[in-house]
Structure formats: C-alpha cells, structure tokens
Amino acid sequence: MKDKRLNFLWCCGLLSITLTSHAQTLLDVYQKARSQDNQYGAARKAFEAAIEKLPQAMSGFLPNVSLVGNKNQQIGEASFSDAPYVSREVRSWNWTTQITQPLIRMGNWSTYAQADAQATQAKEQLALAEQDLMVRAAQVYFDVQLAMQSVQVAEAQLEAVNEQLTLAQRTYDVGMGTITDVHEAKAKQALNLAQRVAALNDLTTKNAELEKLIGEDVTLPPMQLTQRLPALEPTQLNHWLSVALQQNPQVRIQQAALVVAEKEVSKSMAAHAPTLDLVANLADNYSSGSLTSPADLSTRTRSNQTGLQLTIPLFAGGATQSKVRESMALHEKASEELSGAKRNASSLVRQSFAGVMNGQAQVDALEAAVEASQNSVESNKIGFKVGTRINPDVLNAEQQLYTAMRDLNNARVDAVIQSLKLKAATGSLNRDDLSALEKMMQQPTPQPAQH
C-alpha cells in the first residue's frame, strides 16, 4: 500500500524539473555511459589494439621485401709510376632488392597461435568491461532514485511532524494537551530538518556520480520499482555455478591467458630450432672508375641471386635456455591465476545468489511492515483525536512508517542489483535485462494529500 502524502509530495516536488528536462531512462543512462565512460572507452581501445596482433603474426608467414640503394662520391689524390699526385674523383651507386620468404620457422606458428589467444583475451576483457558497465550504470541510476526517494520521504515526514506540532500547540492552547507534546513535536521537527539536509546532500553526491559516468549533468525523473523479480529457487544454485565456470568473463580471460603462456613456451623452445628461408635478390651497380687505376673506365653490372638460407642456432650465451625457464614459470603462474578466477567466479555467484534470495525475503517482510505501519499511523491518529493516544505515539508511528518505506525501496533496489551481478558473474547480462527492469518501473501517480 502506498502512502498518499508521499506520492503527492514526490510528484509535485519534482514536477517542474521533470517537465523541463528530457526523460532519462535506465537505458538512456547506459547508452550515454557506453559512449562517455572512460573506463569502458579504454577497454574498447585496448581491444582494438590487441586484435592488430593477428596481422602482425601473419606477417611471419609472408614474404619480406626490401630495397636498399646508395650513391657515393670518392675524392682523393693518386700517383702512378712515381708521377706527381693528381686529383681523382670517382662516382658510384648501387641498389639491391631482396625478397625473403620464410619456409621453416617453427616459432612463427607459435607466434600466430599466441596472437589468436591474445585477441580472444582482449575480446573477453571487453565483454567483462561491458558487463561491469551495465552493473555500474544500473547502480548509479538506482542510487539517484533512492536518493530522490529519501529526499521526498524526509519532506513528507517533515510535513507530518509540522501537522502534529500545529495540532499539539492547538490542543495545548485550549487546555486539552500538554506542553510535553509540544516539546516532543518540536524535537521531532528539528531532527527531521537535519535528516532532510542530509538527504539533499546525498542526492547531490549521487547526481555527481551520475554526471561522472555519463559525462553530462542530467535530471532523472522519479521512478519506482512496481514489480517483482522472477523468484529464484535454492536448487538453481548449482546451475548458476556451472554456467559461471564456463562463461564468466574473468575465467575466459584467464583461459586465454593460459593459452598465451603455453604458446610463449613453444616459441621459446623454437628458438633452438633451425630456420630455412628462400632468399632472392636483384642488384645493379655502377662506378665511374677507381682511385687506384689511371684509366677512367666506368663499369656497370646487374646480377640476381636465388638460394636457400639455413640458420642453425648453436649458442646464444644461455639466453635461450633462460627464456624457456622464464616462459615455463609464467605458464604455471597463468595456471594458478585460472584456478583463482574460477574460485572467484563461484564466490561471486554464491554471494549474488544469496543476495537475491535474501533480498526477495526482505522485500516480502518490508511490504508487510509498510502496510502494518500505515495502519498503525491511522489508528494512532484516530486514538489521538479521541484521547486514547498522545502526540508522541502518532509521531513514532509515522517515523516507523517512513523508515519502513525507505527500507523497502532500498531492499527492492538491492535485490535488483544483486540479480544483475548474478547474471554478470555468468557472463549473461545484456541490454535486454536493463529493458526488462524498465518495464518493472513506473512514475508515482500523484494523489491528493490527506490531512
């Protein structure tokens, strides 16, 4: 059951702001964050950089073509048959085109397989960033909604206290009440004023977090969760755990990292293996003469050469063996990190699953508490009018009602966030989940306040 005064104040208090701003839904916040969030933008650029490793690795199988040319001028003095020295100048140029086609290079295959694993790793890192962005966008969105609700609860509670203060003062003035009731109402009024200031400050903080995420200052229209999440059964936990071990982005990242480490070991060992290349070159040389010959006879030659080049590594000062030992240690490190990622994924699923289950139970209890508290407020107001209840009884009942309403809103949001984290832990969170959340929310309907 909704409190009518709260709905009325909520809508009236934010109506002017909402009408002057564009509607900002949860999906709007997510889409803007997707284009403006620095953390996600960095992950996207890291992915674009990582996939370039594939064409770089492919180049190890393709021909390498180079052209080298130079032009020289040699000036000196020379003496022939004990004759006086004479100045000499010789000009020359040459160029060489060489094509090298790798035939057998075992390391290149490992390099390509490693690059493919690195691209997969980058893809999973981007998927992880996407999942994280959706959770962060939802968290920031609902944080602002809860902060707005807290402000409106504080406003509604303050109005109720003011009404009770006015009533207590009136009954005291006509001799039907006590000064204690007046003092009690004034104390509650002062406390609620402080709570309203704290709520407004919290709203400012949460709006700043929203601005940091999407890169602009926006005003969200007030929204409330009005529908329940699909209920989870305890027996579903094993299914979620199984899915997480296979699809959790962090697990997949570490699986790809393990493949990268394996190929690094293969690449290091391949440094011991011989390489065979097909080498072909074409050269053109020209010289106008020679400083050591009195005859200025120019020469020009053209040549081409084709052959096989075999390279057999013999000894590199121990660097190759050290590189093998290093890569094997890093492979063991990657294996440990994969085990850790699987444990973390299981832990996240268990925590989030428990959060959803407990959140559902908490929402059930708080919904009953809100209804009971509202009935209590009405009963205490009637009792105060007929003299069976005193003013502090009414104030305490209203305080209990607003506290229960605030806790209910928090519990609903906590259950939703835990459900998003549960899906993120299994790598299954997507845009449709945010769309489904929007269908579970609606703006409060304004209703006349009851006095």
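**Sheet, aromatic pairs and buried positions in the predicted model**

At a relative accessibility of 14%, S288 counts as buried, where buried denotes a relative accessible area under 20%, exposed one over 50% and partly exposed anything in between (1.4 Å probe, protein chains only). The structure is a predicted model, in which local features need pLDDT of at least 70 and side-chain atom pairs count only at pLDDT 80 or more, while totals for chains, interfaces and linings use all residues. Residues are numbered from 1 along each chain as its sequence is written, and side-chain values use heavy atoms, with hydrogens and water left out.

S288 is placed in the loop between β4 (275-287) and β5 (299-311); helices (H or I, at least four residues) and strands (E, at least two) are DSSP runs, numbered from the N terminus. When its neighbours within four places in sequence are left aside, S288 is in contact with E89, V90, R91, D296, L297 and S298, contact meaning heavy atoms within 4.5 Å. For R91, the backbone nitrogen lies 2.7 Å from a polar atom of the S288 side chain, a polar contact being a pair of N or O atoms within 3.5 Å, of which, within protein, one must be able to donate a hydrogen and the other to accept it, and for which residues adjacent in sequence count only if both atoms are side-chain atoms.

Strand β2 (residues 86-104) is joined to β4 in the antiparallel sense over 12 bridges; S92 stands opposite S287 in β4, and I99 has A280 of β4 as its bridge partner. On the other pairing, β4 and β5 run antiparallel and are joined by 13 bridges, with D284 standing opposite R302 in β5. In a regular strand the side chains alternate between the two faces of the sheet.

Also in strand β5 is Q305, which at 51% relative accessibility counts as exposed. Residues up to four places away in sequence not being counted, Q305 touches V279, A280 and N281. Between Q305 and Q400, which are 95 residues apart in sequence, the C-alpha to C-alpha distance is 95 Å.

The structure holds 4 aromatic pairs, defined for rings of Phe, Tyr and Trp (its six-membered ring) whose centres lie within 6.5 Å, with planes under 30 degrees apart counted as stacked, over 60 as edge-to-face and the rest as tilted. One of these pairs joins W93 and Y286, whose ring centres are 5.8 Å apart and whose planes stand at 25 degrees, so the pair is stacked. This pair links distant parts of the chain, with W93 in strand β2 and Y286 in strand β4, 193 residues apart. W93 is partly exposed, with a relative accessible area of 25%, and Y286 is likewise partly exposed, with a relative accessible area of 25%. For Y141 and F142 the ring centres are 5.4 Å apart and the planes are at 85 degrees, so the pair is edge-to-face; Y141 and F142 are both buried.

Among the helices, α2 (residues 26-36) has L26, L27, V29, Y30 and A33 as its buried residues. Viewed down the axis of α2, these buried residues fall within an arc of 160 degrees, so they line one face of the helix, the arc being that of the directions from the helix axis to the C-beta atoms. The elements that cover the buried residues of α2 include α5 (106-173), α6 (179-214), α11 (431-439) and β6 (441-442). Helix α5 also contains V151, which counts as buried at 4% relative accessibility. V151 touches A199, L200 and L203, residues up to four places away in sequence not being counted. The C-alpha atoms of V151 and S327, which are 176 residues apart along the chain, are separated by 58 Å.

Technical notes
Two strands pair if DSSP finds at least two bridges between them.
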